[in-house]
Amino acid sequence: MAEFKLPANSVLKIGKTYPAPEGARNIKIFKVYRYDPSNGENPSIDTFHVDMDNCGPMVLDALLKIKSDTDASVSLRRSCREGICGSCSMNIDGQNTLACTKAIDDIKGDVTVYPLPHQPVVKDLVSDLTNFYAQYASVEPWLKSDTPAPPDQERLQSVDDRKQLDGLYECIMCACCSTSCPSYWWNSDRFLGPAALLNAYRWISDSRDDATGERLDELEDPFKLYRCHTIMNCTNACPKDLNPAKAIASIKKLMVERKG
Amino acid sequence: MSWNDKRPMSPHLQIYKLPITAKLSILHRGTGAVLTIGLILLAIALAGAASGESAWESMHRLLSSWFGYLVLFGFTTSLYYHFCNGVRHLFWDSGMGLDLKSAEKSAIMVLIATVVLTVFTWVIALS
């Protein structure tokens, strides 16, 4: 059910403020969500004044600068720093995206940085995505074929069949889309969410996969699929410019078409 | 989903900058609720009309008051918005207009159509 308010243990407090180093002229303010599981206190917002003349262009650069210069205890996931690993997904300036591909200059005013919305927080910007990954696993994201692979070559596809996977296979499972979706916020225990559904559609669309009917059977459910109300936060959020809303609509269409 | 976790829930609605598509989705849900209540009022109005002249008179007086007009105006606006956005949903269900640019364009179109139809209806009603 929709719970619009945060639980009592999640209500934010005002945290610490860290001034910029002396002599800094080009200052940008970063308001960062902090939660420390070891002290039993509610999460808070810390304010960091960052010297932009001595900082890289992306939000991830600023966060890592804060971590190395100001407060080493700031916790976040990151790896590739070029938008392919999907680790540094978080809520920046009110929308989910990757910190490594979000330019600081594109943000007017102070930069707010929160963990991905409506998730259990492990520490600071690190949220627990166990449920998200379990939902991905539940769509069985692998090739299911009735025939054995040819012994001497790959399973071949026509150019057109391969094109059906464009806009789907590029998903990096960063969870920006699913955790931007209000339907997912209210029903993540039963609604699979845009990322898992886009990946389900990736395998439904694969000419080499023989389990389309079985996959659709599995999704024919008032919650798993049909909690999508085309709010389109997912498509707005996707840092890879994919369109989960369209993939979900395509699954719904297949559901109708197969009934004839 | 009740929260039985010792760990905090990260903020969501409180901090999310909703795109226009999401705002219109909320409006669709809201106007749907208004129309449900409006349907009950319509049934009461019809029952009033069916149960004699005096009942109809008092119903008419109530609906012609400024408050009655306000309710009727809210009902017509909700009806046209919900109808136009419903048509938008039909296009989506047939697989059309689901890219971001089209969805934003159709959002504006729905809002314009709602205003035009509501104003048109009230110009006729009041003339």
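## A tour of chains A and B

Start in chain A by selecting A:Val32, which stands opposite A:Asp46 in strand E3 of that chain. As you look around, keep in mind that this is a predicted model.

Strand E2 of chain A (residues 27-34) is joined to E3(A) by eight bridges, and the two run antiparallel. Now look for strand E1 of chain A (residues 13-18): four bridges link E1(A) with E3(A), and here the strands run parallel. To see one of these pairings, select A:Lys13 and find its bridge partner in E3(A), A:Ser44.

Stay with E3(A), residues 44-51, for a moment. Is this strand enclosed or open to the outside? Seven of its eight residues are buried, so E3(A) is largely enclosed by the rest of the structure.

Select six strands of chain A and read them across in the order E1-E3-E2-E6-E4-E5; they form an open sheet with mixed pairing. E1(A) and E5(A) (residues 95-98) stand at the edges with a single partner strand each, so one side of each has no neighbour in the sheet. From one strand to the next, the twist averages 30°.

E4(A) and E5(A) pair in the antiparallel sense over four bridges, and A:Met90 has A:Thr97 in E5(A) as its bridge partner.

Zoom out to take in chain A as a whole. Chain A has eight helices and eight strands, and its C-alpha trace spans about 70 × 45 × 30 Å along the principal axes. Of its 260 residues, 51% are buried.

For the last stop, move to chain B and select helix H1 (residues 20-50) and helix H3 (residues 66-93). Their axes come within 8 Å and cross at roughly 130°, which makes H1(B) oblique to H3(B). The crossing is left-handed. Show side chains to see who makes the contact: among them are B:Leu24, B:His28 and B:Leu35 from H1(B), and B:Phe75, B:His82 and B:Arg88 from H3(B). What kinds of residues make up this contact? They divide into ten nonpolar, ten polar and one charged.

Key:
Residues numbered from 1 in each chain as written. Chains lettered and ligands numbered in written order. Predicted model: local features only at pLDDT ≥ 70, side-chain atom pairs only at ≥ 80, totals over all residues. Heavy atoms only, no water. Axes fitted to C-alpha atoms, helices over the stretch in contact; angles between N-to-C directions. Parallel < 35°, antiparallel > 145°, perpendicular 65-115°, else oblique. Left-handed = near helix turned anticlockwise from the far one by under 90°. Contact = heavy atoms within 4.5 Å. Nonpolar A, V, L, I, M, F, W, Y, C, P; charged D, E, K, R; others polar. Buried < 20%, exposed > 50% of the residue type's maximum accessible area, 1.4 Å probe, protein only. Pairing = 2+ DSSP bridges.
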